[in-house]
Amino acid sequence: MPDSASPYPSLPLPELPFLPDIIALRRDLHAHPEIAYQEHRTADIVARELASCGLEVHRGLAGTGVVGLLRAGDSRRPGRMIGLRADMDALPLAEENSFAHRSRHEGKMHACGHDGHTAMLLGAARHLARTKNFDGTLAFIFQPAEESEGGARLMIEDGLFERFPVAAVYGLHNWPELPAGTLAAFPGPVMAGTCVFEIVFEGHGCHAAMPHQGKDCIVAGSALVQQLQTVVSRVLAPTDAAVVSVSQFHAGDTWNILPQRAILRGTLRSFSGAVQQRIENAVNAIVQGTACSFGIRTGITFERRYPPTVNHAAEAKLCQRVAAEVFGNAQVITEHPPSMGAEDFSFMLNEKPGCYVWLGSGKGGGNPSESPCRLHSPHYDFNDDVLSLGIAYWTRLAETALPRLSSHEAVPS
């Protein structure tokens, strides 16, 4: 077990004598991954850890969500509550690592670092419960079902911000593409909005040796896949970043029959609602035109999943300031291209001001040839060296966002 010493001795990190416990907890979560809305064991651990630190624990939002409240100093003044959020769910992915804490649940894996996110926020709660160097209320939000299932949206619908009226909300994700010991915080778009689509081509099935007797939906679907690639290059302005990807093509069951039907599915991603609408309109037009040219019937459905994740300027500036104090000015990234990945923290940022940052995690994973180990890889593992950095960031953010009030500022009892 690693000791409590930071691998970054030049950084002014708080003393964390419990760091070995947090590392052990992180690895235990990794070994017992739970996917969306099934995070019962994880939620039990989170609730137990929060309660052991003296926090007020609330459970049940979005089923397995947990919120811990920590109050210090004058917590009655309006606006002196902020939310700190970590996601808890794993992915339906078979792990290919061989270390001792590899997944014990076949087909499930923490391949995105949510085990590390949960452990860091629990570590921050433990440290802040001991020091209480702030005035106000911290809401530690442990969210289920970030991976494509919209747990943040469901927590909000279950009354998250009515029950816990935070003035701002903050999120963090580990980022293997950035060196360990760095943090990226910038205003504006950080992650793309995502929409999934399903296209059905209904042709006329026939013998594969006699294609002239049918209407071939496979040929039509193949042509469509090629045509969809023109949406980004020819419909959108060059300055509008977007992705159109066909990720599924299902048709036929045997070698000598041209099938009656083909189903294509995929994703559309962009950074604004206006661009998203233009993409959907263009895709629909191409689908209808392709179907008409091949003489087949079609139907298309769009389902917008996550809106773009867009940081608020004031909160991003605050996070940059905090990061400079924790990591050093040279290690703070204030400009960076946004990611085409999606994140349901976007729902929270649509409701409250806030900022979502990337914690550089650099190396990691059980496959030494894959460095950095990519998110959603079967070889991924969270880099435990950055746990202390995440705890330090959360701690300093809480203390900066809710600074101690002078005696004359406090609300009289």
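A salt bridge here is a side-chain nitrogen of Lys or Arg within 4 Å of a carboxyl oxygen of Asp or Glu. The model in these views is predicted: local features need pLDDT of at least 70 and side-chain atom pairs count only at pLDDT 80 or more, while totals for chains, interfaces and linings use all residues. Residues are numbered from 1 along each chain as its sequence is written, and side-chain values use heavy atoms, with hydrogens and water left out.

**View 1. Glu 280 and Arg 304 meet in a salt bridge.** Their side chains come to 2.8 Å, N to O. The pair links distant parts of the chain, with Glu 280 in helix 8 (residues 273-294) and Arg 304 in strand 13, 24 residues apart. Helices (H or I, at least four residues) and strands (E, at least two) are DSSP runs, numbered from the N terminus. Glu 280 is buried at 9% relative accessible area, whereas Arg 304 is partly exposed at 44%. For these words, buried means under 20% relative accessible area, exposed over 50%, and partly exposed in between (1.4 Å probe, protein chains only).

**View 2. Arg 261 forms a salt bridge with Glu 202.** The closest N and O atoms are 3.0 Å apart. Here strand 12, holding Arg 261, is linked to strand 8, holding Glu 202, across 59 residues of the chain. Arg 261 is partly exposed, with a relative accessible area of 44%, and Glu 202 counts as buried at 16%.

**View 3. Arg 41 and Asp 28 join two helices.** Their salt bridge has an N to O distance of 2.9 Å. Arg 41 sits in helix 2 (residues 40-52) and Asp 28 in helix 1 (residues 19-31), 13 residues apart. Both ends are partly exposed, Arg 41 at 31% and Asp 28 at 26%.

View 4. Thr 267 is in strand 12 and is buried, with a relative accessible area of 14%. Leaving aside neighbours within four places in sequence, Thr 267 is in contact (heavy atoms within 4.5 Å) with residues including Cys 195, Phe 197 and Val 243.

**View 5. Ala 192 is a buried loop residue.** Ala 192 lies between strand 7 (188-191) and strand 8, and its relative accessibility is 0%. Beyond its neighbours within four places in sequence, Ala 192 is in contact with residues including Arg 269, Pro 307 and Ala 342.

**View 6. The largest pocket has a volume of about 570 Å³.** Of its 27 lining residues, the closest to the centre are Glu 146, Glu 147, Ser 148, Ala 342 and His 376. Strand 5 (168-175), strand 8 (193-202), strand 12 (261-270) and strand 13 (297-306) each supply at least two lining residues. On a 1 Å grid over the protein atoms alone, a pocket is an open set of points where a 1.4 Å probe fits, with protein on both sides within 12 Å along at least five of seven lines; lining residues have an atom within 4 Å of a point. The volume is the space filled by probe spheres set on the points, which are joined across faces, edges and corners.
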